[in-house]
Amino acid sequence: MSTQPWHAEHWSRLQARRARGALPHALLLCGPTGLGKRAFAQRFIHGLLCEQPDGNTGVACGHCRACLLLAAGSHPDLVSLTYGLRKDGVQRSEIVVEQIRDLSARLAMSSQFGGWQVAVIDPADAMNAAAANALLKTLEEPAAQTMLVLLADAPWQLPQTIRSRCQRIEFHLPAPDQALAWLQAEGVADAATALQAAGGNPGLARDWTAQGALDRRREVRKD
């Protein structure tokens, strides 16, 4: 899969901050579904935890101990938080305060590899009010070399107190020619029609094409 070209500016700015030793302790990645913010977050986190990242691009090497553990989903300094289960085994529809408290306790411990500790909250806009308030303490008093990465499709649902304490990286729809070129590189048939149907969102255009949604849309329009 090709790297989304509309990520390039955000990536270079973030890596410049890393080179200066000026990374924030919290990132908020937001924007419409389909623009690859989760892929961006994964690429950045892997590069941050990698033991031998590329010195120019910050991309993970893919073969060191850290990269192998990341690939296996078992790196001890990376924790991901999403919807949990209730006591009856049913998945929750929100992230609750107990989850944030457990996360804060985990981040208060030292890194097992002696480097960065990273916590991903996805979707961050699913935190209820109590969970968001609990997260504030961690945001206000971050431990050294601790990175919180929040992902949100609807960042306006997050309290302003949370948003103001994060470095915001917002993904917007790319220019049509850039989106079209990327879709063609991805092998999407009739890329121009797919892009138009998806309202200029290249990620949605690719996914809808792969799922056959565009073919169904054409059939509906014929009917």
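Is Cys64 buried or exposed? Cys64 is buried, with a relative accessible area of 5%; buried means under 20% relative accessible area, exposed over 50% and partly exposed in between, with a 1.4 Å probe and protein chains only.

**Basis of the values**

The model is predicted: local features need pLDDT of at least 70, side-chain atom pairs count only at pLDDT 80 or more, and totals for chains, interfaces and linings use all residues. Residues are numbered from 1 along each chain as its sequence is written, and side-chain values use heavy atoms, with hydrogens and water left out. Helices (H or I, at least four residues) and strands (E, at least two) are DSSP runs, numbered from the N terminus.

**Cysteines**

A disulfide is a covalent bond between the sulfur atoms of two cysteines. Here a disulfide is counted as a pair of cysteine sulfur atoms within 2.5 Å. The structure holds zero disulfides. Cys64 is in no disulfide, and the nearest cysteine sulfur, that of Cys67, is 3.6 Å away. Cys30 is likewise in no disulfide; the nearest cysteine sulfur belongs to Cys166, at 9.7 Å. The relative accessible area of Cys30 is 0%, and the residue is buried.

**Aromatic pairs and charges over rings**

A pair of aromatic rings is described by the distance of the centres and the angle of the planes. Rings of Phe, Tyr and Trp (its six-membered ring) pair if their centres lie within 6.5 Å; planes under 30 degrees apart count as stacked, over 60 as edge-to-face and the rest as tilted. By this rule the count comes to four aromatic pairs.

Trp6 is buried at 10% relative accessibility, and Trp182 is buried at 4%.

Trp11 lies in helix H1 and Phe40 in helix H2 (residues 37-49), so their pair ties together parts that are 29 residues apart in sequence. Trp11 has a relative accessible area of 8% and is buried; Phe40 counts as buried at 2%. Both residues belong to one aromatic cluster, formed by Trp11, Phe40, Phe44 and Phe171.

A charge sits over a ring if NZ of Lys or CZ of Arg is within 6 Å of the ring centre and within 35 degrees of the ring normal. The charged end of Arg43 sits over the ring of Trp11, 4.0 Å from its centre. Arg65 lies over the face of Phe113, 3.9 Å from the ring centre.

Pro174 is found in the loop between strand S5 (167-170) and helix H7 (176-185). This proline is buried, with a relative accessible area of 9%. Apart from neighbours within four places in sequence, Pro174 is in contact (heavy atoms within 4.5 Å) with Trp6, Leu35, Ala179, Gly200 and Pro202. The C-alpha atoms of Pro174 and Pro202 are 8.2 Å apart, while the two residues are 28 residues apart in sequence.

**Largest pocket**

On a 1 Å grid over the protein atoms alone, a pocket is an open set of points where a 1.4 Å probe fits, with protein on both sides within 12 Å along at least five of seven lines; lining residues have an atom within 4 Å of a point. Grid points are joined across faces, edges and corners, and a volume is the space filled by probe spheres set on the points. The largest pocket holds about 380 Å³ of space. Of the 21 residues that line this pocket, the closest to its centre are Gln4, Gly36, Arg38, Ala39 and Phe40. The elements that give two or more residues to the lining are H2 and helix H9 (202-211). H2 gives the most, with seven residues.

**Backbone geometry**

Most residues other than glycine have a negative phi, and most peptide bonds are trans. The peptide bond from Asp122 to Pro123 is cis, with omega near 0°, and Pro123 lies in the loop between strand S3 (117-121) and helix H5 (129-140).

Gln145, a residue other than glycine, has a positive phi near 50°. Gln145 belongs to the loop between H5 and strand S4 (146-152) and is partly exposed at 37% relative accessibility. Asp190 has a positive phi of about 50° although it is not a glycine. Asp190 is placed in the loop between H7 and helix H8 (191-197) and is partly exposed, with a relative accessible area of 43%.
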